[in-house]
Amino acid sequence: MQADQKKALYEEATKELVSITEGETNVTALMATVSCILSEKFDYYFWTGFYVVDPNKQNELVVGPYQGTLGCLRIPIGRGVCGTAASTLETQLVADVHVFPGHIACDSRSNSEIVVPVVNADGQLIAVLDVDSVELNSFDEIDRVELETLMQRIFAQ
């Protein structure tokens, strides 16, 4: 997909999500809506969803709202792509998940991934947005910037 096409799709998705979620405060509803819209908008998204910080086990992420095949139920913070994003609070942009140290294969068809930390208005990590693709090198800086901006806009209000 060309850069201008990708940017246009993100602009459409952002407008749609901001309109739909305006005034909504329920985090589960927000995550379900974000997962749905992004999954429907982008053909190269294979698995789109959230892993939420478990309030009972602060060192684990538990699967939250998502679109796609069966996800891993739990991921230790610090392990795999999602756990690394959670522990570093930095977006992980992975061109080939098979060479990522400690990658957790929830679905063997996944080949590239982007994981964006999601923080609330207090700056506290509440989840990570995880997007997988069956293709290698599916995600780039456009995805990183757009998804980081969207997560900030939706969840850090």
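Start with helix α3 (80-88). Helix α3 gives the largest share of the lining of the largest cavity, three residues. Helices here are DSSP runs of H or I with at least four residues, strands are runs of E with at least two, and both are numbered from the N terminus.

This is a predicted model, where local features need pLDDT of at least 70, side-chain atom pairs count only at pLDDT 80 or more, and totals for chains, interfaces and linings use all residues. Residues are numbered from 1 along each chain as its sequence is written, and side-chain values use heavy atoms, with hydrogens and water left out.

**The cavity**

The structure holds one cavity of 30 Å³ or more. A cavity is a set of points on a 1 Å grid over the protein atoms alone where a 1.4 Å probe fits but cannot get out, and lining residues have an atom within 4 Å of a point. The largest cavity has a volume of about 170 Å³. That volume is the space filled by probe spheres set on the points, with grid points joined across faces, edges and corners.

Now select Ile104, Cys106, Glu113, Asp130 and Asp132. Of the 19 lining residues, these are the closest to the centre of the largest cavity. Colour the lining by type: nine residues are nonpolar, five polar and five charged. Ala, Val, Leu, Ile, Met, Phe, Trp, Tyr, Cys and Pro count as nonpolar, Asp, Glu, Lys and Arg as charged, and the others, Gly among them, as polar.

**The salt bridges**

There are nine salt bridges in the structure. Each is a side-chain nitrogen of Lys or Arg within 4 Å of a carboxyl oxygen of Asp or Glu.

Select Glu12 and Lys41. Their side chains form a salt bridge, 3.4 Å from N to O. Glu12 is in α1 (residues 3-21) and Lys41 in α2 (residues 27-41), so the pair ties together parts 29 residues apart in sequence. Lys41 is buried at 19% relative accessibility, while Glu12 is partly exposed at 42%. Buried means under 20% relative accessible area, exposed over 50%, and partly exposed in between (1.4 Å probe, protein chains only).

Go next to Arg74 and Glu60. Their closest N and O atoms are 3.0 Å apart, in a salt bridge. Arg74 lies in β3 (residues 74-76) and Glu60 in β2 (residues 57-67).

Finish with Lys6, Asp140 and Asp143, which are linked in a network of salt bridges.

Note on methods:
On a 1 Å grid over the protein atoms alone, a cavity is a set of points where a 1.4 Å probe fits but cannot get out, and a pocket is an open set with protein on both sides within 12 Å along at least five of seven lines; lining residues have an atom within 4 Å of a point.
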